[in-house]
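Me: I'd like to learn how to read a model like this one, feature by feature. Could you give me the general idea each time, and then the case at hand?

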Amino acid sequence: MKIKTSGENETAAAAKKYAATLKRGDIVLLKGDLGAGKTAFIKGAAEYFGIYDVTSPTYAYLNVYGGFIYHYDCYRLSSGEEAEAMGLTEYFGGDNICFIEWAENIESALPQGCRQVVIEKTGEREREITL
């Protein structure tokens, strides 16, 4: 399914609808260029669960919200082995929902059955989100 949005609020609204389809144990891989809106999408999804304090974990690799939303930023990782050595993969498949930005950097460590969201810039504020 493809959704077109104009601005961060519409991206967040689309993410809230998407979040209604998620269950604990799901792993969502977010793909898109820098500034595409991956974190904005995660903010919207978290709002569906009543969580409003989402920030980018760029320097921490992982932020946890509400005790069950795990938000990864793997931009600075170079391999799945590196993610495993840091203990980041221990939370996959647990009683949580994992959102992983730059998941392609740790592809070898990802389990089967992950969901994928692709966000493409189509203009300054416009995005096309593929679910």
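**Reading the model**

Me: Let's start with Lys4: buried or exposed?

Reply: Lys4 is exposed, with a relative accessible area of 64%. The scale goes like this: buried is under 20% relative accessible area, exposed is over 50%, and partly exposed is in between, using a 1.4 Å probe and protein chains only. Keep in mind that this is a predicted model, where local features need pLDDT of at least 70 and side-chain atom pairs count only at pLDDT 80 or more, while totals for chains, interfaces and linings use all residues. Residues are numbered from 1 along each chain as its sequence is written, and side-chain values use heavy atoms, leaving out hydrogens and water.

Me: Which side chain does Lys4 meet in a salt bridge?

Reply: A salt bridge puts a side-chain nitrogen of Lys or Arg within 4 Å of a carboxyl oxygen of Asp or Glu. Here Lys4 pairs with Glu128, at 2.9 Å from N to O. Glu128 sits in strand E7 and Lys4 in strand E1, so the pair ties together parts 124 residues apart in sequence. Strands are DSSP runs of E with at least two residues, helices are runs of H or I with at least four, and both are numbered from the N terminus. Glu128 also forms a salt bridge with Lys2, with the closest N and O atoms 3.5 Å apart. Lys2 is exposed at 54%, whereas Glu128 counts as buried at 15%.

Me: What is the strand order in the sheet?

Reply: Strands of a sheet pair through backbone hydrogen bonds, either parallel or antiparallel. Two strands count as paired if DSSP finds at least two bridges between them. This open sheet has seven strands in the order E1-E7-E6-E2-E5-E4-E3, with mixed pairing. E1 (2-6) and E3 (62-65) stand at the edges with a single partner strand each, so one side of each has no neighbour in the sheet. E6 (residues 115-121) and E7 (residues 126-130) run antiparallel, joined by four bridges, and Lys121 stands opposite Arg127 in E7.

Me: How many residues of E5 are buried?

Reply: In a regular strand the side chains alternate between the two faces of the sheet. In E5, Ile97, Phe99 and Glu101 point one way, Cys98 and Ile100 the other, and all are buried. That makes five of the five residues, so E5 is largely enclosed by the rest of the structure. E5 runs parallel to E2, with four bridges, and parallel to E4, with five. Leu29 stands opposite Ile100, and Ile69 has Ile97 as its bridge partner.

Me: Where is the place of Asn96?

Reply: Asn96 is in the loop between helix H3 (80-85) and E5. Asn96 counts as buried, at 6% relative accessibility. Its side chain reaches the backbone oxygen of Tyr91 at 3.2 Å. Contacts mean heavy atoms within 4.5 Å; leaving aside residues up to four places away in sequence, Asn96 touches Lys23, Arg24, Gly25, Asp26, Phe68, Tyr70 and Tyr91.

Me: Which side chain does Glu47 meet in a salt bridge?

Reply: Glu47 meets Lys16, at 3.1 Å from N to O. Glu47 is in helix H2 and Lys16 in helix H1, 31 residues apart, so this pair links distant parts of the chain. Both are partly exposed: Glu47 at 26%, Lys16 at 35%.

Terms used:
A polar contact is a pair of N or O atoms within 3.5 Å; within protein, one must be able to donate a hydrogen and the other to accept it, and residues adjacent in sequence count only if both atoms are side-chain atoms.
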